[in-house]
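Here are some questions and answers on a protein model. Look at the fold first, then read on.

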Amino acid sequence: MSEVPVHGEPGGVLGGLGPAATVHYLRRVVEMTDAERDQDHVELLVWQRGSVPDRTAFLRGEGESPEDALVAHVVDLERAGATFVAIPCNTAVVWVEQMRAAVDIEVLDTVDETVAEAIRLVPGLRRLGLLATDGTISAGTYARSAERAGVELVLPDDDVQREVMSVIYDGVKAGRPVPRERFDALVAHLKDKGAQGVALGCTELSVLHGEQGVDDPTVVDSIDSAARATVLRSGRPLRRS
């Protein structure tokens, strides 16, 4: 891991994947930082690049690969002076090694940070449920991260996974309201299957989590996990909850 930047050296954010999730992530970085004045906050260069091809669509065999765009934007952030890059998107982690290979700065892994946060928040965690896009699930990033951590991954049944995708694409990404009971039913399904905690492995679900004020500590938000890692990586203190 590279050295923690001194005060004034910015981190980078590859955002726009999607745009609302990036705005929510930035809000959480501010809220999590123990700061009393503007100058105490995390320094960040933010690339809001919604034009990156849809990650899940490509992994389902539909559309253009996002790899070239992701790599190019990480390179741009390094050239602009970023000392590390955070990516408030779970599916983009599929290409994290390609991005890391293109730069000399650290690229944070949102999936690993989320699994680590689940272990921190849920004592004795052995089975972790996952709510994520089809692309993230099929890519196996959470499965590999959970296996490395000694945790079993619990996935939704097929019909419930279709509901997850509808909540993400027809609801949050489309800017349409999603009733709280739809979200709660997804979490309950995974807990009924034996999950002790549930990872929100899609940043659109993180937006929903924040909007609806979910306060269940066993529901682990990937945006919060990425924001916490960003504050720590920047050398700033976390605000005590």
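Helices (H or I, at least four residues) and strands (E, at least two) are DSSP runs, numbered from the N terminus. The model is predicted.

Q: Which helices each supply at least two residues of the lining of the second largest pocket?
A: This pocket has a volume of about 170 Å³. Its lining has 12 residues, and Glu113, Arg228, Ala229, Leu232 and Arg233 lie nearest the centre. At least two lining residues each come from helix 5 and helix 11.

Q: Which helix gives the largest share of the lining of the second largest pocket?
A: By class, the lining has five nonpolar, one polar and six charged residues. Five residues of the lining, the largest share, come from helix 11.

Q: Which residues are the closest to the centre of the largest pocket?
A: The volume of the largest pocket is about 590 Å³. It is lined by 23 residues. The closest to the centre are Arg28, Met32, Glu117, Arg120 and Asp224.

Q: Which element gives the most to the lining of the largest pocket?
A: Two or more lining residues come from each of helix 1 (19-32), helix 5 (110-121), helix 10, strand 8 (219-221) and helix 11 (222-233). With four residues, the top contributor is helix 1.

Q: How many charged residues are in the lining of the largest pocket?
A: Sort the lining by class. Seven residues are nonpolar and five are polar. The charged residues number 11.

Q: Is helix 8 roughly parallel or roughly perpendicular to helix 10?
A: The axes of helix 8 (residues 158-172) and helix 10 (residues 203-211) come within 10 Å and cross at roughly 75°. Angles of 65 to 115 degrees count as roughly perpendicular. Helix 8 is therefore, relative to helix 10, roughly perpendicular.

Q: How many nonpolar residues are in the contact of helix 8 with helix 10?
A: Helix 8 brings Val164, Val167, Ile168 and Val172. Helix 10 meets them with Glu204, Leu205, Val207 and Leu208. By class, this contact has one charged residue and no polar ones, and its nonpolar residues number seven.

Q: Which strands are the edge strands of the open sheet?
A: Four strands form the sheet in the order 2-1-3-4, with parallel pairing. An edge strand here pairs on one side only.

Note on methods
Residues are numbered from 1 along each chain as its sequence is written. This is a predicted model: local features need pLDDT of at least 70, side-chain atom pairs count only at pLDDT 80 or more; totals for chains, interfaces and linings use all residues. Side-chain values use heavy atoms; hydrogens and water are left out. Axes are lines fitted to C-alpha atoms, for helices over the stretch in contact, and angles run from 0 to 180 degrees between N-to-C directions. Angles under 35 degrees count as roughly parallel, over 145 as roughly antiparallel, 65 to 115 as roughly perpendicular and the rest as oblique. Contact means heavy atoms within 4.5 Å. Ala, Val, Leu, Ile, Met, Phe, Trp, Tyr, Cys and Pro count as nonpolar, Asp, Glu, Lys and Arg as charged, and the others, Gly among them, as polar. On a 1 Å grid over the protein atoms alone, a cavity is a set of points where a 1.4 Å probe fits but cannot get out, and a pocket is an open set with protein on both sides within 12 Å along at least five of seven lines; lining residues have an atom within 4 Å of a point. Grid points are joined across faces, edges and corners, and a volume is the space filled by probe spheres set on the points. Two strands pair if DSSP finds at least two bridges between them.
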